[in-house]
Amino acid sequence: MVGQEMQEKIISLFEGYEGDVKFNEPMAPYTSLKIGGPAEAMVFPESIEAVAALVKRIAGGVPIFVLGAGSNLLVQEGGVEGVVIHLGNLSQGILTGESTFYAEAGLSFPRLSTVVEKQGLSGLEFATGIPGTVGGAIAMNAGIPKEETASVLKEITLVGPGGEIATLPREAIFFSYRTAILPQGSIIVSAEFRLQKAPVREIREKRFDLLKRRRETQPLSYPSAGSIFKNPFSALHQGEGRVRVGFSAGALITEVGLKGHQIGGAQISERHGNFIINLGGATAADVMGLIQLAQKRVLLEKGISLEPEIKIIGRGENNPLHPTC
Ligand SMILES: Cc1cc2nc3c(=O)[nH]c(=O)nc-3n(C[C@H](O)[C@H](O)[C@H](O)COP(=O)(O)OP(=O)(O)OC[C@H]3O[C@@H](n4cnc5c(N)ncnc54)[C@H](O)[C@@H]3O)c2cc1C
């Protein structure tokens with residue numbers, strides 16, 4: 001479908017729609033990098049049932065992109081084709097048992113960390129400084145070294161591509177480092193977490209220490225998308241066997257001398273080699289330029305491929321990784 005045809009199709013899809021929909025909505029304000037062209041349509045469903053009804057209405061007619069807090073996204077200037085579903089209105093959270101907690105997908109992940117702390121529940125301290133939503137944290141299997149979202153999940157409720165609502169146990173989903181393999185075309189609408197009872201003071205101290213460490217090591221006063229690349233692993237031969245060795249993407253970028261390197265308004269942070277910051281007025285092409293430069297230099301000088309952790313979406317000339325969303 002070409003641009004004009006797609007726009008007409010989208011407008012006709014929303015005829016008589018009673019929910020909140022915005023056409024040609026700039027994405028930059030919805031991302032932590034503050035970059036990105038318009039979404040052809042952005043919708044803000046008010047409930048899980050409304051998400052299901054929306055998916056039925058669209059019924060495969062146009063592409064759907066699910067937006068959390070936009071904290072792991074680079075949106076190209078050409079904008080996003082199809083419908084962006086913004087889940088910010090799904091933000092309820094409730095204690096469901098002695099140590100289980102239910103949260104809707106649009107609830108802020110750091111907020112969830114605060115709420116469960118007050119209930120004396122441990123296991124989500126690591127979420128304190130991860131500025132996403134519950135849905136985004138599950139989709140990305142967000143975490144810190146030795147802790148990740150999958151390990152505290154009990155079950156997940158999804159809206160499938162036909163608008164059906166289903167709850168799956170955590171074991172039914174394959175998770176690995178910063179990855180969740182969800183059933184094709186499904187949207188996470190809520191989840192239940194299994195946590196552990198612990199003294200509130202201990203939970204608070206752990207969260208405080210994690211935040212302190214972040215403030216010391218990350219460029220938090222500038223817009224960014226967190227770590228740009230996944231930390232790579234290599235299989236090295238050692239004697240008769242092979243061992244898996246992990247590298248820090250930030251350290252590799254630092255070693256090839258790119259810290260502080262700038263293209264347009266984007267810069268590889270001087271504070272953290274794996275962060276690209278928006279100094280003001282950066283474009284997606286500026287950020288892509290830095291991504292490609294870091295990949296090229298680390299491959300040439302270290303023989304290691306860097307894979308982006310961030311999701312790169314939207315139409316852009318300079319997007320060999322994901323040409324469309
Ligand atoms: C300063 C900073 C620090 C960060 N630190 C960390 C860190 O320590 N560890 C870490 O892992 N990450 C970190 N991040 C990255 C980011 O916060 C996480 O990846 C977060 O989980 C993304 O959530 P989000 O809601 O913003 O998702 P988005 O960026 O909106 O989306 C990311 C992906 O998830 C998909 N998605 C979102 N919601 C849903 C849903 N409901 N159903 C299906 N798919 C969905 C989107 O389609 C997209 O593909 C950091 C980011 C910043 C800016």
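Student: Which domains does the domain assignment of the chain give?

Tutor: This is a predicted model, in which local features need pLDDT of at least 70, side-chain atom pairs count only at pLDDT 80 or more, and totals for chains, interfaces and linings use all residues. Residues are numbered from 1 along each chain as its sequence is written. Domain bounds come from an automatic or database domain assignment. That assignment gives domain 1 (3-86), domain 2 (93-214) and domain 3 (229-307).

Student: How far apart do the C-alpha centres of domain 2 and domain 3 lie?

Tutor: The C-alpha atoms of the whole chain fill a box of roughly 60 × 50 × 45 Å, taken along the principal axes. Within the chain, the centres of domain 2 and domain 3 are separated by 28 Å.

Student: Why does the radius of gyration of the chain agree with that of a compact globule?

Tutor: The radius is taken over C-alpha atoms, and the globule rule is 2.2 Å times the number of residues to the power 0.38. For 325 residues a compact globule would have a value near 20 Å, and the chain agrees because its own value is 20 Å.

Student: How many helices and strands are there in the chain?

Tutor: Helices (H or I, at least four residues) and strands (E, at least two) are DSSP runs, numbered from the N terminus. By this count the chain has seven helices and 23 strands.

Student: What is the order of the open sheet of five strands?

Tutor: Two strands pair if DSSP finds at least two bridges between them. The edge strands, S6 (93-95) and S12 (165-169), each pair on one side only. With antiparallel pairing, the order is S6-S7-S15-S11-S12.

Student: Which residue in S7 stands opposite Leu 95?

Tutor: S6 and S7 (residues 100-104) run antiparallel and are joined by three bridges, and a hairpin of four residues connects S6 to S7. Gly 93 has Ala 103 as its bridge partner in S7. Opposite Leu 95 stands Phe 101.

Student: Which residue in the turn between S11 and S12 has a positive phi?

Tutor: Five bridges join the antiparallel strands S11 and S12, with Ile 156 opposite Leu 168. Five residues lie between the two strands of this hairpin. The turn residue with a positive phi, about 90°, is Gly 163.

Student: At about what angle to S15 does helix H2 run?

Tutor: Helix H2 (residues 48-58) lies across S11 (153-159), S12 and S15. Contact requires C-beta atoms, placed from the backbone, within 7 Å. Axes are lines fitted to C-alpha atoms, for helices over the stretch in contact, and angles run from 0 to 180 degrees between N-to-C directions. The angle between H2 and S15 is about 150°.

Student: Which element supplies the largest share of the shell around the ligand?

Tutor: The ligand is surrounded by 33 residues, and the closest include Gly 68 and Gly 132. Elements that each supply at least two residues include strand S3 (64-67) and strand S17 (224-227). The largest share, five residues, comes from H4.

Methods:
Near = placed C-beta within 6 Å. Contact = placed C-beta atoms within 7 Å.
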